[in-house]
Amino acid sequence: MAKIVVLGAGMVGRTIAATLSKTHEVLVLDINRASLKSIQSKTIRIKVCDLTDPVQLTSTIAKADLVLGAIPGHLGYQMLKTVILAGKNIVDISFFPEDAATLNKLAKEKRVIAMHDCGVAPGMDNILLGFHDSRMKVTHFKCMVGGLPKKKNPPFNYKAPFSPIDVLEEYTRPARIKIKGKVVIKPALTDMESFNVPGIGKLEAFNSDGLRSLIKTMPHIPNMVEKTIRYPGHAAQMEWIREAGFLSKHTILRQGQQIRPLDITTQLLFPHWTYLPGEQDFTYMVVIIEGRENGQKIRYTYTLNDQYHRRSQTSSMARTTGLTACAVAEMILAGMFKKTGVHPPETLGSSTLWVNHILQYLQDRGVIYHLKRSIL
């Protein structure tokens, strides 16, 4: 039984804690007392901790065998650095904009294993691409993914299963994609495409900056794109809000105070985007990988259509994200992955053993990726 510390008591952090507490000692840290009390149980300990304070965080994780990071992206990089400096292995899902690879040298010096972006996307899509990239010549990679409420809630028809400010990053952060071997930067919310999903209906997907580490680790793949899925009309609404300046991080002077429009917008949207207890959601993802394998042009299509888990009353997005992190955590604890340094999730795709472990771990808990292989 390992001693695990989970950083963050949000929807994903709660799911990680509940899952790992079945076989390990789990301590959850957060500065929000209300969030912590909502997950305290006989098997989960809690402690109020300012995760932005390196001294406080370092002392609190001193006895941990492994740390899992599930905090808002704007806090993620410094948190990751603090954990590495403390000499603790970590699996992280924080969606921070900085390049995690810049901490690789430090992690090796501290003999730390740091796996970042280990969620559903980024995360599982990287792992699947890494698996096929090691076995075929990949020419095209495409991922479309989104978590949505089952019942539409006008006017935005959206709710946030994780930090709202991280959601807004998907609408403001320029999207890096690859076209014919060149990295192209496009505004988020562009290149809209519509499609129908049986049992769900019409959905839309638009460019977002989800390739992240793949831009550097997969330079030989000429065509790559990641898109975010929403209900029709949502992207147009968010584009208007963005262009009007409501998502700006630049401060403006208002009644003698410097404020960021983004902070005000986040506070206003949060009540509309917060899931009510028991409110159902779903996660839909399609990963398409094309290339040449054994002299044939092949397409692999992975589809995930995951639903709210009624028995545990757990959000689908929290499960698909958190359980992936748990699977990787169990690999490290079991000694299946021993290489120190900072690693993106596609690293795990290089081993059939690792990939099968993760897919089986997810399947055992009801998160199933359906595979279709087509000869083109």
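Buried means under 20% relative accessible area, exposed means over 50%, and partly exposed lies in between (1.4 Å probe, protein chains only). The structure is a predicted model, in which local features need pLDDT of at least 70, side-chain atom pairs count only at pLDDT 80 or more, and totals for chains, interfaces and linings use all residues. Residues are numbered from 1 along each chain as its sequence is written, and side-chain values use heavy atoms, with hydrogens and water left out.

**Exercise 1. Cysteines**

Task: State how many disulfides the structure holds, and classify Cys118 as buried or exposed.

Solution. 
Step 1. A disulfide is a pair of cysteine sulfur atoms within 2.5 Å.
Step 2. For Cys118, the closest cysteine sulfur belongs to Cys326 and is 11 Å away, which is too far for a bond.
Step 3. The number of disulfides in the structure is zero.
Step 4. Cys118 has 1% relative accessibility and is therefore buried. Cys49, at 0%, also counts as buried.

**Exercise 2. Salt bridges of Glu169**

Task: Determine which side chains meet Glu169 in a salt bridge, and where the partner Lys249 lies.

Solution. 
Step 1. Side chains of opposite charge can pair when their charged atoms come close. A salt bridge requires a side-chain nitrogen of Lys or Arg within 4 Å of a carboxyl oxygen of Asp or Glu. The structure holds 15 salt bridges.
Step 2. Glu169 meets Arg173 with an N to O distance of 2.9 Å. At 12% relative accessibility Glu169 is buried, and Arg173, at 10%, is buried as well.
Step 3. Glu169 also meets Lys249, at 2.6 Å from N to O. This pair links distant parts of the chain, 80 residues apart: Glu169 belongs to helix α7 (residues 164–172), while Lys249 is in the loop between α9 (234–243) and β13 (252–254). Helices (H or I, at least four residues) and strands (E, at least two) are DSSP runs, numbered from the N terminus.
Step 4. Lys249 is partly exposed, because its relative accessibility is 43%.

**Exercise 3. A second pair**

Task: Explain what the salt bridge between Asp209 and Arg176 ties together.

Solution. 
Step 1. The side chains of Asp209 and Arg176 form a salt bridge of 2.9 Å, N to O.
Step 2. Asp209 lies in the loop between β11 (201–207) and α8 (214–217), and Arg176 lies in strand β8 (residues 175–179), so the bridge ties together parts that are 33 residues apart in sequence.
Step 3. Asp209 is buried, with a relative accessible area of 7%, whereas Arg176 is partly exposed at 28%.

**Exercise 4. Backbone geometry**

Solution. 
Step 1. Most residues other than glycine have a negative phi, and most peptide bonds are trans.
Step 2. Pro122 is in the loop between β6 (113–115) and α6 (124–133).
Step 3. The bond from Pro154 to Pro155 is cis too, with omega near 10 degrees. Pro155 is in the loop between β7 (137–149) and α7.
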